[in-house]
Amino acid sequence: MKFLTYIIITNLFLSRYANGSDLIVRSCREASKNDPNLGYDFCVTSLNEAACKNKLHPKKLEDLVNMSIQLTKSNGTNIISIISHDLQNQTHSEYVKGCLRDCLDLYNDSLSFLDNAMVAFNTSKDLDTANINVSAALDDSVTCEDQFKERKEENETSPLTEENHVYFQLNVISLSFIQMIRQRY
């Protein structure tokens, strides 16, 4: 009897996550086909981890937009912590520290853009404004990375390359899903 109860509870638990996971898989497949900047595996893994960690059960594409923007904001907050820690590193040149300070400002701005995107998307269903704000957040990660390349001749490298790439990809997920919703209307 205990085993039967365990099987039933396990199936109920898995079915709750399977529906959301199926939506994630289908949506990431479609989004990655339409955008060469979006990796299918990255999309599925990121969203499934976020769904499990936060006990989310996305039922429609709009839920995935909210989930992906929240995930991106969380990632951006983590990057701000990394930058703040890196600024304490005494081995960085003054040029790198200046770039890191600029990146700190850019990521703070990008979080504001993502907040604006959430308001536009959830309050007024303004897909254009949401899209513009997510695009601005994405651009901030590119700007952060690009400034380190300006002095390549002195062998300056970005300590944030991986973080900038992940943040870029997370924003691409949100943009792709917003575009998919836009195509429906």
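In this predicted model, helix α4 passes helix α6 in a left-handed crossing. Helix α4 covers residues 94-123, and its axis comes within 13 Å of the α6 axis, the two crossing at roughly 15 degrees. Angles under 35 degrees count as roughly parallel, and α4 is therefore roughly parallel to α6. On the α4 side, the residues that meet α6 are Tyr107, Ser110, Leu111, Leu114 and Phe121. Their partners in α6 are Glu163, Asn164, Tyr167, Asn171 and Ile181. By residue type, this contact holds six nonpolar, three polar and one charged.

Helix α6 (residues 161-184) also packs with helix α3 (residues 61-86), at an angle of about 160 degrees and with the axes 9 Å apart. Angles over 145 degrees count as roughly antiparallel, so α3 and α6 are roughly antiparallel to each other. The crossing of α3 past α6 is left-handed. Residues of α3 in this contact include Leu61, Leu64, Val65, Ser68, Ile69, Thr72, Gly76 and Ile79. From α6, the contributors include Glu163, Val166, Tyr167, Leu170, Ile173, Phe177, Ile178 and Arg184. The residues of this contact comprise 15 nonpolar, six polar and three charged.

The table sets out the geometry of the two pairs.

| Helix pair | Angle | Axis distance |
|---|---|---|
| α3 and α6 | about 160 degrees | 9 Å apart |
| α4 and α6 | roughly 15 degrees | within 13 Å |

Among the α6 residues, Glu163, Tyr167, Asn171 and Ile181 take part in the contact with α3 and also in the contact with α4.

Methods:
Residues numbered from 1 in each chain as written. Predicted model: local features only at pLDDT ≥ 70, side-chain atom pairs only at ≥ 80, totals over all residues. Heavy atoms only, no water. Axes fitted to C-alpha atoms, helices over the stretch in contact; angles between N-to-C directions. Helix = DSSP H or I, 4+ residues; strand = E, 2+ residues; numbered from the N terminus. Parallel < 35°, antiparallel > 145°, perpendicular 65-115°, else oblique. Left-handed = near helix turned anticlockwise from the far one by under 90°. Contact = heavy atoms within 4.5 Å. Nonpolar A, V, L, I, M, F, W, Y, C, P; charged D, E, K, R; others polar.
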